[in-house]
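The following note was prepared for a colleague who wishes to examine the model alongside a written description. The points are numbered so that each may be checked in turn.

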Amino acid sequence: MTSLRVFRLRGIDVKIHITFPLILIWAAYVFGTTGREEFSVAGATFGVVVTLILFICVVIHELAHSLAAGRMGYPVREIVLLPLGGVAQMDKLPEKPWQELVMAIAGPLSNVVIGTVFLLVGLAAGIDMRAGLLKPLVDPGGLGWADTLPYLAFTNFALAAFNLIPAFPMDGGRVLRALMATVMPYARATSIAVAIGQGLAWLLGLGGLLSGNFIWVLIAVFIFAGAAQEGRMIRVKNALRGLLVRHAFSHRALAVSPGDPISRAADLTFESFQADFPVCTGDLTCERGNIVGMLTYADILRALRQRSPDTPIRDVMRSEFPTAGLDDELFDVQRQMTEAGLDAVPVMDNGEFLGLLTRRDINEVYQMMSVSPELIQRSQAT
Ligand SMILES: [Zn+2]
């Protein structure tokens with residue numbers, strides 16, 4: 001919803017987040033005004049063009065992560081470009097520290113390679129690369145088209161260095177955690193890496209405030225929140241480790257038909273414990289191929305707010321939705337649900353509908369397992 005697909009490569013969707021144009025406006029402003037008395041259109045144009053080229057480098061950076069991950073059996077589904085960089089979404093997280101290390105380092109390494117290529121091309125073209133590389137630091141207002149190659153080399157090296165800051169959600173945070181996880185448990189390595197990342201975020205934020213550098217403060221907030229999220233995710237992963245969909249899902253869920261009015265689903269939420277529904281054709285048993293959509297509680301509320309209660313469910317249901325198998329790991333399914341913005345998924349076995357797995361089911365299991373970890377015999381297949 002909030003991002004647009006630009007292209008697809010080896011099964012990976014490359015998407016642009018709707019906030020992405022903000023960075024171009026920012027680049028036009030900064031390059032158009034820095035070191036100048038009046039706004040310069042030529043400067044702004046240069047800023048927008050090099051920023052666009054840089055984002056191609058960011059795509060290559062994310063593709064490098066993705067290809068390394070795919071090689072090790074962790075396929076990446078999509079790459080989303082945000083104003084502060086890119087994010088590669090994986091269905092599963094790497095299990096072994098060395099796998100995470102290789103995946104994390106592949107991104108910054110690609111920028112070192114790209115930077116070196118720009119550097120060599122510039123040297124071959126007879127450009128004074130030494131002066132050019134320093135120019136963004138000593139004379140940012142004087143940058144022009146002649147500085148394109150050294151500027152791109154400089155920013156790629158800077159990008160590699162920035163991403164290697166040892167703080168989540170930067171690649172350096174993953175490198176640090178992976179290195180520590182070779183000598184201590186993964187959860188402990190994560191907490192230490194989170195603490196280091198948040199400490200660095202405080203320093204960066206403080207430095208930004210004292211020097212009046214607003215972008216630093218913004219990045220510090222981004223790092224702090226990203227580190228906290230990583231810590232939370234690993235705690236949940238730990239508690240859910242070895243638990244499968246079969247341990248948690250709700251059997252015999254009620255279904256609705258695509259021709260039913262929304263009010264029918266609303267009535268069912270009052271009469272039953274259920275608030276999310278599979279949409280099935282035929283006799284509502286949702287047998288093979290009969291399941292045509294999902295209608296979650298959030299969808300029902302939105303539909304009732306925007307439309308008449310008589311609107312048929314087929315007009316408001318989701319026809320694209322992930323499904324879960326009995327032996328899928330709860331943690332992985334939960335991440336997929338979060339990414340799809342869905343509170344419930346149908347549980348299928350050989351095309352047969354068995355029931356629903358809801359966010360509430362997962363939360364219940366998570367809370368129970370946090371109190372009494374021996375409650376369910378966990379699968380050893382992790
Ligand atoms: Zn990266």
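**Notes on the predicted model**

1. Asn363 belongs to helix α12, which covers residues 359-371. Its C-alpha atom is separated by 9.8 Å from that of Gln334, a residue 29 positions away along the chain. The coordinates come from a predicted model, and this applies to every point below.

2. Of the 382 residues, 34% are buried. Among contacts between residues at least 6 apart in sequence, 59% join residues at least 24 apart.

3. Four strands form an open sheet in the order β1-β2-β3-β4, and the pairing within this sheet is mixed. The edge positions are taken by β1 (3-9) and β4 (85-90); each has a single partner strand, so one side of each is left without a neighbour in the sheet. From one strand to the next, the twist averages 25°.

4. The pairings of this sheet may be followed strand by strand. Six bridges connect β1 with β2 (residues 12-17) in the antiparallel sense, and Arg5 has Lys15 in β2 as its bridge partner. These two strands form a hairpin with two residues between them, in which Arg10 adopts a positive phi near 50°. The pairing of β2 with β3 is parallel and rests on four bridges; here Val14 stands opposite Ile79 in β3. Strand β3 (residues 76-82) then runs antiparallel to β4, to which six bridges join it, and Leu82 stands opposite Gly85 in β4.

5. Which strands pair with β9? Strand β5 (residues 250-251) is joined to β9 by two bridges, and the two run antiparallel. Strand β8 (residues 344-349) is also antiparallel to β9, with six bridges between them. Leu356 in β9 is the bridge partner of Ser250, and Leu356 is likewise the bridge partner of Pro346. A hairpin is formed by β8 and β9, with two residues between the strands; in its turn, Asn350 has a positive phi of about 50°. Strand β9 itself, residues 352-358, is mostly covered, as five of its seven residues are buried.

6. Helix α5 deserves a separate entry. This helix has 16 residues and extends 22 Å from its first C-alpha to its last, close to the 22 Å expected at 1.5 Å a residue. Its buried residues are Leu149, Pro150, Tyr151, Leu152, Ala153, Phe154, Thr155, Asn156, Leu159, Ala160 and Asn163. The elements that cover them include α2 (41-71), α3 (97-124), α4 (129-138) and α6.

7. The loop between α5 (148-163) and α6 contains Pro169. The peptide bond joining Phe168 and Pro169 is cis, with omega about 0°. A colleague preparing this model for further work may wish to inspect that bond.

8. How do α6 and α7 pack? Helix α6 (residues 171-181) meets helix α7 (residues 186-211) at an angle of about 145°, and their axes are 8 Å apart. The crossing of α6 past α7 is right-handed. On the α6 side, the contact involves Gly173, Leu176, Arg177, Met180 and Ala181, while α7 contributes Tyr186, Ala189, Thr190, Ile192, Ala193, Ile196 and Gly197. Classified by residue type, this contact has eight nonpolar, three polar and one charged residues.

Note on methods
Residues numbered from 1 in each chain as written. Predicted model: local features only at pLDDT ≥ 70, side-chain atom pairs only at ≥ 80, totals over all residues. Pairing = 2+ DSSP bridges. Axes fitted to C-alpha atoms, helices over the stretch in contact; angles between N-to-C directions. Left-handed = near helix turned anticlockwise from the far one by under 90°. Contact = placed C-beta atoms within 7 Å. Nonpolar A, V, L, I, M, F, W, Y, C, P; charged D, E, K, R; others polar. Buried ≥ 20, exposed ≤ 12 C-beta atoms within 10 Å, placed from the backbone. Expected span 1.5 Å × (residues − 1).
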